[in-house]
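Hi there,

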Amino acid sequence: MSICYEFSHVVEDTPEGQVVLLSGCLTEHSDLTVISNLVDGKVVLDIAGIRRVNSCGVRSWVAFVRGLVEAGHEIELRRCAPCMVRQMNMVANFASGARVLSVLAPYYCDTCGNEKEVLIELTDGKRPQVAARVPCSRCGQEMEFDDLIETYFDFLDYVQPAEERSTRGGSGT
Ligand SMILES: [Zn+2]
């Protein structure tokens, strides 16, 4: 894959705290340290716009999130793009102490080629109910979940999903 979208970030101050919108391709050229210097207190990282991440990008990301958590920031990941969810499923420390609020589920229509991403809110670290098929908004046929639906939420087994995780004891697995 040779297409690479420029990595960019936008910091917004909202009533719920700072929201950092990240988009583009996360690679060795993506400067995350500049973001670390902009944020203060609780930070929501909205990563819906990340289109691709390579191995250098993964290393930068893990160091970035870990650095923020160690600096005392409360970090939440929102609207995680499918490429980031796949990394969370492969790299155990990918979320590095951040809470995952929601992810995007990818769907693809075989009939017309339509693609869409559906927002899935996560609560209490439970596996969400996700439809294997949804109606295509373009042609009316069925769109299929464009990944392995059985394993797409495996990251919930080891990321910190909710505040009460530490007080719930060993109820996992
Ligand atoms: Zn369609």
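Two points on conventions. This is a predicted model, in which local features need pLDDT of at least 70 and side-chain atom pairs count only at pLDDT 80 or more, while totals for chains, interfaces and linings use all residues. Numbering starts from 1 along each chain as its sequence is written.

**The whole chain**

The chain has 3 helices and 9 strands (DSSP runs numbered from the N terminus: H or I of at least four residues for helices, E of at least two for strands). Read from the N terminus, the order is β-β-α-β-α-β-α-β-β-β-β-β. The radius of gyration is 17 Å, which agrees with the value near 16 Å that a compact globule of 173 residues would have (taken over C-alpha atoms; the globule rule is 2.2 Å times the number of residues to the power 0.38). Along the principal axes, the C-alpha atoms fill a box of roughly 50 × 40 × 35 Å. Of the contacts with a separation of 6 or more, 64% join residues 24 or more positions apart (a contact means C-beta atoms, placed from the backbone, within 7 Å). Buried residues account for 27% of the 173 (buried means 20 or more other C-beta atoms within 10 Å of the residue's own, exposed 12 or fewer, partly exposed in between, with C-beta atoms placed from the backbone).

**The open sheet**

An open sheet of 5 strands runs in the order β1-β2-β3-β4-β5, with mixed pairing (two strands pair if DSSP finds at least two bridges between them). Its edge strands, β1 (8–14) and β5 (99–100), each pair on one side only. β5 is parallel to β4, over 2 bridges, and there E76 stands opposite R99.

**Helix α2**

What about the length of α2? The buried residues of α2 are G57, S60, W61, F64, V65 and L68. They cover an arc of only 125° around the axis, so they lie on the same side of α2 (the arc is that of the directions from the helix axis to the C-beta atoms). S55, R59 and E70 are exposed on the other side. The cover over the buried residues includes β2 (17–26), α1 (33–36), β3 (43–53) and β4 (75–78). Just after the helix, G72 has a positive phi of about 95°.

**The core**

The largest nonpolar core has 36 residues, of which I47, C80, M84, A95 and V100 touch the most other members (such a core is a set of buried Ala, Val, Leu, Ile, Met, Phe, Trp, Tyr and Cys residues joined through C-beta atoms within 7 Å). β3 gives this core its largest share, 6 residues. M84 touches I47, I50 and V53, leaving aside residues up to four places away in sequence.

**β6 and its partners**

β6 (102–108) pairs with β7 (115–121) in the antiparallel sense over 7 bridges. The hairpin has 6 residues between the strands, and G113 takes a positive phi near 85°. β6 is also joined to β9 (142–145), running antiparallel, by 2 bridges. Y107 stands opposite K116 in β7 and opposite F145 in β9.

Technical notes
Contact = placed C-beta atoms within 7 Å.
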